[in-house]
Protein chains: 2
Amino acid sequence: MTPRPDARRRLLDAADELFAVQGCAATPVDQVLTRAGVAPATLYAHFGSKTGLQAAVLDARLARWDTTWAAAVDAAPDDRGRLLAVFDALAEFARGEAASRWCAFLDAAAGAPADDPTATAAITADTALLRARLTELAGPVAGDRAAELAEQLLVVVSGTLAMHLRPGGSLATGRATAEALLR
Amino acid sequence: MTPRPDARRRLLDAADELFAVQGCAATPVDQVLTRAGVAPATLYAHFGSKTGLQAAVLDARLARWDTTWAAAVDAAPDDRGRLLAVFDALAEFARGEAASRWCAFLDAAAGAPADDPTATAAITADTALLRARLTELAGPVAGDRAAELAEQLLVVVSGTLAMHLRPGGSLATGRATAEALLR
DNA sequence: GTCTATACCGGGATAGAC
DNA sequence: GTCTATCCCGGTATAGAC
């Protein structure tokens, strides 16, 4: 009824929070609509489908993750710190308003059928960013074994995220694992 | 029509395979019924609900994982090998008839709401087994830092499983990460 | 573009006979 | 305990007015 300003933005914000906290599959469209204060038809006019909304949400989230991570890298004092800055960035992201349950990209990949194009695109882009920047930052620390180290750190980062689903998991343990790997 | 022998077993087998490959949430009950060659009412007579079936499936799967892992530990030549045997066991499990997409327990935890009792019980039991045995096996290798090392290996194991959802993930990289951690 | 109201469908679960 | 047939709800998506 009330002509809300930028329904699109409100939808993206509401969906981002709910998807991050509950998981996309576990979040009914109605809940997004209620939180955004928007009517169903508006959602479909903008995004075409729930999947389309999810794609837009993940796209925006990847951009924010990119920015947050880059800032954490810039703030680090030395090469080793820059390589470990991914954990600072994870902490920063976790501190954000609604703490993600684990990882929106892994959630998309886990929740969708294996060949789902939206989920595949999202997890591929996220993984590519992680791999590329970790490899780049590993250069000064590991030299010609940068790619190898980056791959191992990718396992540790993914494991840190997955540990959010298990009892007793902590970001600190993930960081400690990465630090041990650098010795 | 045909009085199938042990419908219960057939249901468990069918569900285990389908849940492992596709994820539980992504698998309709109908598909389980079709594969098992069993009627809907039979499923509900035995397990009460899809959730009940899932609980039984995860219970059986944990028991098999326990056995497989223990056998891999026994087959290892030395203390270090026994600690890394968890990756041999993962390989053995992955080689099983229908290769799991990633991990049935993490899948249950990721697919259900955060406070779902069935998923919580499953992921808790799985995590407890991993933690306990890793700690025990880390003893001869790490002495009084066994708990710390076990916790880090738990991150690496979880990360190895999560990497199944990303492009370019491999069990070998997970094992290499764990080996690097032992140096 | 946005709203109200509704159509449509997939999926979990049940009724009742055998 | 097992079968056939069916119910019923939640959830996505659309129709049509404003």
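Predicted model: local features only at pLDDT ≥ 70, side-chain atom pairs only at ≥ 80, totals over all residues.
In general, two copies of a chain are related by a rotation about an axis and a shift along it.

Within chain A, helix α2 spans residues 29-36, and its buried residues are Val29(A), Val32(A), Leu33(A) and Ala36(A). Viewed down the axis of α2(A), these buried residues fall within an arc of 100° and therefore line one face of the helix. An α-helix has 3.6 residues a turn, so residues three or four places apart point the same way. The cover over the buried residues of α2(A) includes α1 (7-22), α3 (40-47) and α4 (50-75) of chain A. On the other side of α2(A), Asp30(A) and Thr34(A) are exposed. The helix α2(A) is followed by Gly37(A), which has a positive phi, near 65°.

In chain B, helix α4 (residues 50-75) contains Asp66(B). This residue, Asp66(B), is partly exposed, since its relative accessible area is 28%, a value between the limits of 20% for buried and 50% for exposed. Residues up to four places away in sequence being left aside, Asp66(B) touches Leu129(B) and Arg133(B). Although Asp66(B) and Arg133(B) are 67 residues apart along the chain, their C-alpha atoms are separated by 9.7 Å.

Notes: Residues numbered from 1 in each chain as written. Chains lettered and ligands numbered in written order. Heavy atoms only, no water. Buried < 20%, exposed > 50% of the residue type's maximum accessible area, 1.4 Å probe, protein only. Helix = DSSP H or I, 4+ residues; strand = E, 2+ residues; numbered from the N terminus. Arc of directions from axis to C-beta. Contact = heavy atoms within 4.5 Å.
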